[in-house]
Amino acid sequence: MAAVDVIVMGAAGRMGSTIARLAGEDSELNLVAVVERAGMENKVSGLDCEVSSDLPGVLSRHAKAVVVDFTAPEATVNTAGAAAESGNPMVIGTTGLSAEQQGVLAESAAKTPMLWAPNMSVGINVLLQVLPRLVEMLGPAYDLELSEIHHKHKKDAPSGTAVKLAQCLAEARGWEYDAVKRYCREGIIGARKPDELGVQTLRGGDVVGEHTVFFLGPGERIEVTHRAHSRETFAQGALRAAKWVAGQAPGRLYSIADMF
Ligand code: NAD
C-alpha cells in the first residue's frame, strides 16, 4: 500500500513536534510538510520536509495529504475551512472548542473526511466504552465525580478529555450534561444533589494528562484513573487516525470510536 502523505500543523508545539517526528519515522506515512504561524518556522527543527507558514500554498501542492492539527481552537477552525475547500482529509486533536466552533468542524466534515477526538489514546477510548457499564451496574446510589491534572501551560479547562468522560457518564445516567455539570464549588454550597456531576481541574508542573472518575457509594468507592506517561501515546493515535481517515468518505465528523 502506498504511504499516506501527511501535513502537520503547529510543528513547533508540544504535540505538533511529537507528531511530526513520529510521522517522519513511520514507513506507512510520508511527512510532506509542516505549517507553523508566521515567524515561528525557525522554531521547527530536525525534520526532512517543507516548513512553511503558507497553509493554502501547502494544501495546493499536496492535494491528498492528511492534515493533522493539534494547535488552538481558532487556528483549527481556520484550517478546517481551508481543508474543506481543498478536499484534504483532516485529523484534529485540538481541545477547548466552543459549540459554535464544533459546528464549523461538522460543516467542514460534510465536504472532506475529518476526525476529531479530544483524546487519541487507546486507554481513554476504551474507558469511554466501559464507563456506561459501570454506571449502569452500580446504579444511582453511587455519586459520579471526575478530576483531571495537566501541566501548567495547558490553556483550556476542564480538559477536552474530562468533558468527554463526563458527558459519557451523564449520558449513561440519562442526564443532560449542561444541567448537571459542576465545574466549581465554593462557599456554603449545602448538601450535594444526587443529579450533580463534579468536574475539577488541577494544573501544575509537567503532567502530561491524568483523569480519575470517582464512583462514590455507601461505604465504598471505586476510582478509575488513566495516566498518560508520554505525548507519544496521543501522537501515535493521531497518526493511526490519519491512515484511517485517508480512506474514508466525507459526511460527518468522525470520532475514534468510528475508527475502532
Ligand atoms: P502548544 O501550545 O505546545 O502548541 C501549539 C502550536 O500550534 C504552537 O507551536 C503554535 O505556534 C501553533 N499554532 C497556533 N496557531 C497556528 C496556526 N494558525 N498555524 C500553524 N500553527 C499554529 O500546545 P500543545 O500542548 O501541543 O496542545 C495543542 C492542542 O492539542 C491543545 O488544544 C491540547 O489540549 C490538545 N491536545 C490534544 C490531545 C489529544 O489526544 N487529542 C493530546 C494532547 C493535547
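Which helix gives the most to the lining of the second largest pocket? Hold that one for a moment.

Ground rules. This is a predicted model, where local features need pLDDT of at least 70, side-chain atom pairs count only at pLDDT 80 or more, and totals for chains, interfaces and linings use all residues. Residues are numbered from 1 along each chain as its sequence is written, and side-chain values use heavy atoms, with hydrogens and water left out.

Start with the open sheet. Its seven strands run in the order β3-β2-β1-β4-β5-β6-β12, with parallel pairing. The edges are β3 (50-52) and β12 (253-254), each pairing on one side only. Strands here are DSSP E runs of at least two residues; helices are H or I runs of at least four, and both are numbered from the N terminus. Pairing takes at least two DSSP bridges between two strands. Inside the sheet, β1 (residues 4-9) and β4 (residues 66-69) are joined by three bridges. There, I7 stands opposite V67.

Now the helices. α1 (residues 14-25) packs on this sheet and touches β1, β2 (29-35) and β4. Contact means heavy atoms within 4.5 Å. The direction of α1 makes about 150 degrees with that of β2. Angles run from 0 to 180 degrees between N-to-C directions, with axes fitted to C-alpha atoms, for helices over the stretch in contact. α4 (residues 99-109) lies across β5, β6 and β12, at about 150 degrees to β6.

Next, β7 (residues 143-150). Six of its eight residues are buried, meaning under 20% relative accessible area with a 1.4 Å probe, protein chains only. β7 pairs antiparallel with β10 (residues 210-217) over seven bridges; E145 faces F214 there. β7 also pairs with β9 (residues 197-203), in the parallel sense, over seven bridges. S147 has Q200 as its bridge partner in β9.

Finally, pockets. A pocket is an open set of points on a 1 Å grid over the protein atoms alone, where a 1.4 Å probe fits, with protein on both sides within 12 Å along at least five of seven lines; lining residues have an atom within 4 Å of a point. α3 gives the most, four residues.

The second largest pocket has about 520 Å³. Of its 22 lining residues, L97, Q102, W116, V163 and Q167 are closest to the centre. And the opening question: α6 gives the most to that lining, with four residues.

Note on methods. Buried < 20%, exposed > 50% of the residue type's maximum accessible area, 1.4 Å probe, protein only. Points joined across faces, edges and corners; volume = space filled by probe spheres on them.
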